[in-house]
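Q: I am new to this structure and would like a close look at a single part of it. Please start with the disulfide bonding and then go on to the aromatic rings.

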Amino acid sequence: MLLISAAQGETLTGIVVGVSDGDTITVLDAERQQHKIRLSGIDAPEKAQPFGQRSKENLSRLVFNKEVAVEWTKRDRYTRIVGKVMVQPSNCPTCGKTLDAGHAQITVGLAWWYRKYANEQTLQDRGRYDSDELEAKARRVGLWRDIDPMPPWDWRHR
């Protein structure tokens, strides 16, 4: 397992071998150990929710079978690593892992910015996630096509 200690946490690298939904993946590290990863900063529609399947499909297109770097500082109550998932953009074979998969989900309207946990993000990421969610709403892309999409945190409690 490649875990690199960083000033604010750790970095896990590996290949994405599973995508559970629009904000949860499984990463296989170099030692062949699997890690459940919850993308930080976002909350995607649940599977049975409108746009749930599309969100999962989009995240799969971005990360499945690709090497990722997961920058993380905590685990959630289900013991999943909660982290920022960085991957090489598919349209740039010479780029490094410069695409933030969670942010990409927001820009296409397939996840909400999870403001409840904004304090766990850098100021730069907070600003990007916020402004790009507002832009996705304004363009009415993805889940923002619905008149009043229900956030997953409300869906789970109904």
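How many disulfides does the structure hold?

A: This is a predicted model, and the structure holds 1 disulfide. A disulfide is a covalent bond between the sulfur atoms of two cysteines. Here the two partners are C92 and C95, with a distance of 1.9 Å from S to S. The torsion about the S-S bond of C92 and C95 is about 70°, so the disulfide is right-handed. The two cysteines fall into separate accessibility classes. C92 counts as buried because its relative accessibility is 17%, under the 20% limit for that class. C95 has a relative accessibility of 26%, so this residue counts as partly exposed.

The aromatic rings come next. The structure holds 4 aromatic pairs. One of them is formed by W112 and W153, whose rings are 6.2 Å apart from centre to centre, with 70° between the planes, an edge-to-face arrangement. W112 lies in strand β9 (residues 112-113) and W153 lies in helix α4 (residues 152-155), so this pair ties together parts that are 41 residues apart in sequence. W112 is buried, at a relative accessible area of 6%, whereas W153 is partly exposed, at 26%.

Another pair is made by Y114 and Y117. Their ring centres are 5.0 Å apart and their planes stand at 85°, so this pair is edge-to-face. Y114 is buried, with a relative accessible area of 13%, and Y117 counts as partly exposed because its relative accessibility is 29%. Ring pairs link these residues into a cluster made up of W112, Y114, Y117, W144 and W153.

One further ring has a charge above it: the charged end of R158 sits over the ring of W155, 3.8 Å from the ring centre.

Two or more lining residues come from each of the strands β2 (9-21), β4 (34-39), β5 (42-43), β6 (67-75) and β7 (81-87), and from the helix α3 (123-139). Sorted by class, the lining of the largest pocket has 16 charged, 12 nonpolar and 11 polar residues.

Notes: Residues are numbered from 1 along each chain as its sequence is written. This is a predicted model: local features need pLDDT of at least 70, side-chain atom pairs count only at pLDDT 80 or more; totals for chains, interfaces and linings use all residues. Side-chain values use heavy atoms; hydrogens and water are left out. Helices (H or I, at least four residues) and strands (E, at least two) are DSSP runs, numbered from the N terminus. Ala, Val, Leu, Ile, Met, Phe, Trp, Tyr, Cys and Pro count as nonpolar, Asp, Glu, Lys and Arg as charged, and the others, Gly among them, as polar. A disulfide is a pair of cysteine sulfur atoms within 2.5 Å. Buried means under 20% relative accessible area, exposed over 50%, partly exposed in between (1.4 Å probe, protein chains only). Rings of Phe, Tyr and Trp (its six-membered ring) pair if their centres lie within 6.5 Å; planes under 30 degrees apart count as stacked, over 60 as edge-to-face and the rest as tilted. A charge sits over a ring if NZ of Lys or CZ of Arg is within 6 Å of the ring centre and within 35 degrees of the ring normal.
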